[in-house]
Amino acid sequence: MDNDLKIFCTNTGEYVDVEGGETLQHVYERIKDKIGFAPISVLVNNRDKHITYPLYGPKQVEFLDRNSTPGRRTYTRSLCMILYKAINDIFPGMRLIVQHSIGKGYFCTFKHNHAAVEGATVKAIKSRMKEIVAEDTPFIRRERPTKELIELFRKQGLNDKVRLLANSTALYTVYYELGNIIDSFHGPLAPSTGHISTFDLVPYKDGMLLLGPDPDNPSVPAKAGKHEKIYKSFLEGKKYNAINNVSDVSELNVAVLNKQSTQIIDVAETLHSQMLSNIANEIALRFKRGGARMVLIAGPSASGKTTTTRRLATHLKTKFLCPKMISLDNYVVNRVDTPLDENGEWDFENIKAVDLDLFNRDMADLLAGKEVNMPTFNFETGCREYRGDTMRLEPDDIVLLEGLHCLNPELTKFIPEEQKFRIYISVLTTLNIDDHNWISTSDCRLLRRIMRDNKSRGFSAKDTIERWPSVRKGEEKWIFPFQENADAIFNSSIICELAVMKNYALPILEQVPPNMPEHSEAHRMLTFLKMFYSIDGHEVPRTSLLRDYLT
């Protein structure tokens, strides 16, 4: 090619000559033998783009497969549009809503339809989805003035998107076309439906579960699994959203404009208090019957475990119990004895990073009424220390143990079952962006952790984002498999928390420079947060767990 325009392809480590206006799809066709896979999307200067992105200047480009983190998101978004088209094709007028994640899938229902989705209906939709995949129809990326797109969505009956865009300040908005339908998503879609070949759709409760590839074996669809308690918690959250008349971002924005944010916060905080009171009642009842001397509290990163544990302790005191708090962190092995992962790095999330023998011995002695010399882990030296702290349980004392592995049966296998009460804490987000776009619970926790790390540890957003995949890997292995073991689930999400955290988070995320790989995630979070109208952090009560994350 007779020009000076080049891009750098990180997949090959080489510069590639391109024509002005040439798309990355065309570039891929020329160098696909060097790439070795069919890309589902692409990073351009560390920002996620559709593969039809046109080139008019030098760029850094990385083609992504469906097993990369951005690639998995692209796959899921594309799968949702295929589901929407299948429903539109065979059940015109039925309104799809993708409500939230459950296990490795996404719970879907028909909006305003109070009857359970029948198995025959799910089977018909799945069959049509397979046909759409076989047709290999392109997902066509379009962009037009926002006012015009609002009218197109209105004609298609997507009133949730009409509401969301009505208050948008964007002059133009991106959307996608698939055959005779259009939709919008917060990120690129695949080049065509043929890329989305691995999926399943199964009946689940009164709706259906949309399942993409199994993360551990992407050649087959994920399994539905049993998540009875998590599902129930999501369902309760949706009911409280309905009471507030806030089910998606556009309705939250309207509430903020109407100065109803204080009321929404008050309801959320009262709900948290009521949930903790109910849990405390159940613990006290078991305690008085001779059990539940040890409350085991676990949850993924940034779920609010520490603050929730403190608040639970207050509620237990109103039941005439005296909580004694213990952190499992004080029972980790000395750093030199920490197990290594497959990359030869310290695996702090591994249950073998806990001195199980010492822990069980101390807990057994406590429950037997003996005085125990309690350890403290010194994170600066990486060693366990004894500083003269002792503990003995009096008749009305109850242990509150908080830690990563507290729901894992291996941790407390030598402690009698009747002595244990297990609590799982997580951020089970029930707010949707719109009917076809949900808010990831993981994204909420990542945002919380970015703010907490910046506030209390001096870490940058880049540092936290870089560490996040390892954190998530540990959660998938050591926390999520045991969440259904819980006697109670505490949903620490607050419906308006993203609107509250927005103004605090934006300047932190903006500090991640474009030349860093973490910029992709930071930019995605920035774009996502800008959909929310801000709520002043001063409206949040002093006792709220959100205070842990606000500067």
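Biologist: Hi! Before we start, what does "buried" mean here?
Modeller: Buried means under 20% relative accessible area. Keep in mind that this is a predicted model.

Biologist: Got it. So is C108 buried or exposed?
Modeller: C108 has a relative accessible area of 0%, so this cysteine is buried.

Biologist: And how many disulfides are there?
Modeller: The count comes to zero disulfides. C108 is in no disulfide, and the nearest cysteine sulfur, that of C80, is 6.3 Å away. A disulfide needs two cysteine sulfur atoms within 2.5 Å.

Biologist: Is C496 buried or exposed?
Modeller: C496 is buried, at a relative accessible area of 1%.

Biologist: Okay, switching to helices. How do α8 and α9 pack?
Modeller: Helix α8 covers residues 261-288 and helix α9 covers residues 305-317; they pack at an angle of about 60 degrees, with their axes 9 Å apart. The two helices are therefore oblique to each other.

Biologist: Which hand does the crossing have, left or right?
Modeller: The crossing of α8 past α9 is right-handed.

Biologist: Which residues make the contact?
Modeller: From α8 you have E269, H272, S273, L276, S277, I279, A280 and I283. From α9 come T308, R311, L312, H315 and L316.

Biologist: How does that contact split by class?
Modeller: There are six nonpolar, five polar and two charged residues in the contact of α8 with α9.

Biologist: Nice. New topic: where is S184?
Modeller: S184 sits in the loop between β10 (181-183) and β11 (200-204).

Biologist: What does S184 touch?
Modeller: Leaving out residues up to four places away in sequence, S184 touches F153, K161, V174, Y175, D434 and N437.

Biologist: Last one: where does V471 lie?
Modeller: V471 is part of helix α12, which spans residues 461-478. With 5% relative accessibility, V471 counts as buried.

Biologist: And which residues does V471 touch?
Modeller: V471 touches S301 and R449, again not counting residues up to four places away in sequence.

Biologist: How far apart are V471 and T10?
Modeller: Their C-alpha atoms are separated by 26 Å, and V471 and T10 are 461 residues apart along the chain.

How values were computed. Residues are numbered from 1 along each chain as its sequence is written. This is a predicted model: local features need pLDDT of at least 70, side-chain atom pairs count only at pLDDT 80 or more; totals for chains, interfaces and linings use all residues. Side-chain values use heavy atoms; hydrogens and water are left out. Buried means under 20% relative accessible area, exposed over 50%, partly exposed in between (1.4 Å probe, protein chains only). Axes are lines fitted to C-alpha atoms, for helices over the stretch in contact, and angles run from 0 to 180 degrees between N-to-C directions. Helices (H or I, at least four residues) and strands (E, at least two) are DSSP runs, numbered from the N terminus. Angles under 35 degrees count as roughly parallel, over 145 as roughly antiparallel, 65 to 115 as roughly perpendicular and the rest as oblique. A crossing is left-handed if the near helix is turned anticlockwise from the far one by less than a right angle, and right-handed if clockwise. Contact means heavy atoms within 4.5 Å. Ala, Val, Leu, Ile, Met, Phe, Trp, Tyr, Cys and Pro count as nonpolar, Asp, Glu, Lys and Arg as charged, and the others, Gly among them, as polar.
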